[in-house]
Amino acid sequence: MRAARLIRMVLLLQSRPAMTAAELARELEVSERTVTRDAQALSEAGVPVYADRGRAGGYRLVGGYRTRLTGLDRGEAEALFLSGVPGALRDMGLQDAASAARLKVSAALLPSLRDASRTAAQRFHLDAPDWFREPKTPELLPTVAQAVWDDRRITARYRRGEEEVVRELEPYGLVLKAGVWYVCARVVGADSSPVHPVKPVHRVYRVDRFAAVDAGAGGRFERDGGFDLPAFWEERAAQFARSVLRAEVVVRLSEEGVRRLPHAVGPVPARAALEAVGAAADGDGRGWVTVTLPVESEEVAHTQLTALGPEVEVLAPEALRERFARDAERLAALYRP
């Protein structure tokens with residue numbers, strides 16, 4: 001632990017002209033007294049650290065000193081590519097590895113480029129969670145993330161409805177979607193057949209539904225080199241979006257209704273409905289269009305289409321049209337003088 005902190009201290013001093021004891025203590029998350037002891041230990045070990053006293057003082061390295069300890073290990077290199085997603089790094093327990101990687105990169109840069117990480121952070125930031133949703137990190141996410149990095153099998157107890165099932169999984173990758181963590185994994189034994197070998201079956205699990213995860217006894221698995229996580233997720237996400245759209249409603253939309261439809265029902269069903277008609281007017285001279293809209297259910301359609309107010313008219317099914325008619329009567333009664 002102390003050796004890693006000493007290396008980190010050298011890298012910090014190498015990447016900046018000077019740092020005060022307070023600044024080092026804050027970066028290293030130790031006391032100033034510990035910083036003093038660490039500086040003395042480095043000096044005794046041959047690292048030319050010295051301290052300037054006074055208002056402009058601080059710890060420095062003798063000019064021209066360069067450490068050879070800037071090589072990234074695998075974990076740090078992998079974490080560096082995720083450093084634009086600080087919340088995700090923190091959730092997976094990789095913030096320390098990413099911090100060390102950034103320091104090593106900074107120490108290897110020319111002095112004129114060492115502020116690159118700071119200037120980039122001032123200009124770009126990714127906020128993954130959805131609006132109006134309190135992000136909650138699944139308790140078992142770090143364990144699952146470590147298994148993903150190490151290609152290690154896990155035995156997971158998964159909540160499915162009112163019951164719990166046990167699965168032995170080979171976790172291939174993690175996906176953060178709208179503040180929710182998912183693991184894409186192959187179920188061990190689900191696709192094994194000595195007679196008819198088939199392509200590995202990968203499935204998607206919500207990490208917050210894991211009740212327990214054991215990564216100690218599963219051993220390592222051999223990763224399928226052809227597995228493409230982004231492509232797999234894109235395909236499964238599209239399948240899921242289509243699978244929940246089990247019903248249809250017929251509606252008329254004004255021009256404003258057409259514009260607002262994707263925000264009310266989502267881009268996938270809106271695009272499917274509007275592409276089918278090519279946004280052609282239905283002949284009433286007011287620019288309204290008639291579309292068949294795929295929806296999850298009539299109940300969900302009622303909630304979604306209510307947001308469009310007078311910019312939509314439900315034509316079918318009749319039960320849903322009658323429901324909107326009753327809503328309209330109640331609204332008229334509420335706002336009648």
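Two strands are said to pair if DSSP finds at least two bridges between them. The legends below describe close-up views of a predicted model.

**Figure 1. An open sheet is built from 3 strands in the order 9-8-10.** The pairing in this sheet is antiparallel. Strand 9 (289-295) and strand 10 (312-316) stand at the edges, and each has a single partner strand, so one side of each is left without a neighbour in the sheet. Neighbouring strands are turned against each other by 35 degrees on average, direction ignored. Strands of a sheet pair through backbone hydrogen bonds, in either a parallel or an antiparallel manner.

**Figure 2. Strand 8 (residues 247-253) and strand 9 are joined by 7 bridges.** The two strands run antiparallel. Within this pairing, Arg252 stands opposite Thr290 of strand 9.

**Figure 3. Helix 12 and helix 13 accompany the sheet.** Helix 12 (residues 298-306) lies across strand 8, strand 9 and strand 10, and runs at about 25 degrees to strand 8. Helix 13 (residues 318-335) packs on the sheet, where helix 13 touches strand 8 and strand 10. The direction of helix 13 makes about 145 degrees with that of strand 10.

**Figure 4. Leu331, Leu334 and Tyr335 make a nonpolar surface patch.** The area of this patch is about 410 Å². Leu334 is found in helix 13. Because its relative accessibility is 67%, Leu334 counts as exposed, the cut-off for this class being over 50%.

**Figure 5. Ser254 is a buried loop residue.** Ser254 is found in the loop between strand 8 and helix 10 (255-265). Its relative accessible area is 6%, and the term buried applies under 20%. Leaving aside neighbours within four places in sequence, Ser254 is in contact with Trp288 and Glu311.

**Figure 6. Met19 is buried in the loop between helix 1 (2-15) and helix 2 (21-28).** The relative accessible area of Met19 is 1%. When neighbours within four places in sequence are left aside, Met19 is in contact with Leu12, Leu13, Leu24, Glu27, Gly58 and Tyr59. Met19 and Gly57 are 38 residues apart along the chain, and their C-alpha atoms are separated by 8.2 Å.

**Figure 7. Arg60 and Asp52 meet in a salt bridge through their side chains.** The distance from N to O is 2.5 Å. Both partners are partly exposed: Arg60 has a relative accessible area of 22%, and Asp52 has one of 30%. The count of salt bridges in the model comes to 13.

**Figure 8. A salt bridge links Glu170 with Arg186.** The closest N and O atoms of this pair are 3.0 Å apart. Glu170 lies in strand 4 (residues 163-177) and Arg186 in strand 5 (residues 180-187), so the pair ties together parts that are 16 residues apart in sequence. Glu170 is buried, with a relative accessible area of 3%, and Arg186 also counts as buried, at 15% relative accessibility.

**Figure 9. Glu256 forms a salt bridge with Arg259 in helix 10.** Their closest N and O atoms are 2.5 Å apart. Glu256 counts as partly exposed, at 29% relative accessibility. Elsewhere in the model, salt bridges that share partners join Arg153, Glu170 and Arg186 into one network.

Terms used
Residues numbered from 1 in each chain as written. Predicted model: local features only at pLDDT ≥ 70, side-chain atom pairs only at ≥ 80, totals over all residues. Heavy atoms only, no water. Helix = DSSP H or I, 4+ residues; strand = E, 2+ residues; numbered from the N terminus. Axes fitted to C-alpha atoms, helices over the stretch in contact; angles between N-to-C directions. Contact = heavy atoms within 4.5 Å. Patch = residues over 30% accessible without salt bridge, like charges linked within 9 Å, V, L, I, M, F, W, Y side chains within 5 Å. Areas by Shrake-Rupley, 256 points an atom, 1.4 Å probe, with all protein chains shown as cover. Salt bridge = Lys/Arg side-chain N within 4 Å of Asp/Glu carboxyl O. Buried < 20%, exposed > 50% of the residue type's maximum accessible area, 1.4 Å probe, protein only.
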